[in-house]
Amino acid sequence: MCLGIPGQIVEITNPEHKLAMVNVGGVKRQINIACIVDEQHPPEKCIGDWVLVHVGFAMNRINEQEAAETLQLLQEIAQAYT
């Protein structure tokens, strides 16, 4: 089973290598956005996008509501185990 964590792209750090900075729950880290860019949606248009991040890659774009719901569920699961 794979777990994708929602995050919001806040900066493109290297458009040539398709690298971006993503904010995941207040923690920023660099990820690869190659899976979500194409001619219609180049790297510079990704700022502000919500994405599912898995092992350092943005796997797909999601809307803000999906991101919020997923983050809420993850917080509930974390609280259940603490």
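Visitor: Does asparagine 32 count as buried or exposed?
Guide: Asparagine 32 counts as buried, because its relative accessibility is 17% and the cut-off for buried is under 20%. Please note that the model is predicted.

Visitor: Where in the chain is asparagine 32 found?
Guide: Asparagine 32 belongs to strand 3, which covers residues 27–32.

Visitor: And what does asparagine 32 touch?
Guide: Leaving aside residues up to four places away in sequence, asparagine 32 touches His17, Lys18, Leu19, Gly56, Phe57 and Ala58.

Visitor: Which backbone nitrogen does the side chain of asparagine 32 reach?
Guide: That of alanine 34, at a distance of 2.7 Å.

Visitor: Where is valine 55 found, then?
Guide: Valine 55 lies in the loop between strand 4 (50–54) and strand 5 (57–62).

Visitor: Why does valine 55 count as exposed?
Guide: Valine 55 counts as exposed because its relative accessibility is 66%, and the cut-off for exposed is over 50%.

Visitor: New topic: leucine 3. Where is that one found?
Guide: Leucine 3 is in the segment before strand 1 (5–14). With a relative accessible area of 49%, leucine 3 is partly exposed.

Visitor: What does leucine 3 touch?
Guide: Not counting residues up to four places away in sequence, leucine 3 is in contact with Val53, His54 and Leu74.

Visitor: Now the whole chain. How many helices and strands does the secondary structure come to?
Guide: The chain has 1 helix and 5 strands. Read from the N terminus, the order of the elements is β-β-β-β-β-α.

Visitor: Why does the radius of gyration agree with a compact globule?
Guide: A compact globule of 82 residues would have a radius of gyration near 12 Å, and the chain has 13 Å, so the two agree. Along the principal axes, the C-alpha atoms fill a box of roughly 40 × 25 × 20 Å.

Visitor: What share of the residues counts as buried?
Guide: Of the 82 residues, 28% count as buried. The accessible surface of the chain comes to about 5500 Å², and carbon and sulfur atoms make up 54% of that surface.

Notes:
Residues are numbered from 1 along each chain as its sequence is written. This is a predicted model: local features need pLDDT of at least 70, side-chain atom pairs count only at pLDDT 80 or more; totals for chains, interfaces and linings use all residues. Side-chain values use heavy atoms; hydrogens and water are left out. Helices (H or I, at least four residues) and strands (E, at least two) are DSSP runs, numbered from the N terminus. Buried means under 20% relative accessible area, exposed over 50%, partly exposed in between (1.4 Å probe, protein chains only). The radius of gyration is taken over C-alpha atoms; the globule rule is 2.2 Å times the number of residues to the power 0.38. Accessible areas come from the Shrake-Rupley method with a 1.4 Å probe; for residues, only the protein chains shown count as cover. A polar contact is a pair of N or O atoms within 3.5 Å; within protein, one must be able to donate a hydrogen and the other to accept it, and residues adjacent in sequence count only if both atoms are side-chain atoms. Contact means heavy atoms within 4.5 Å.
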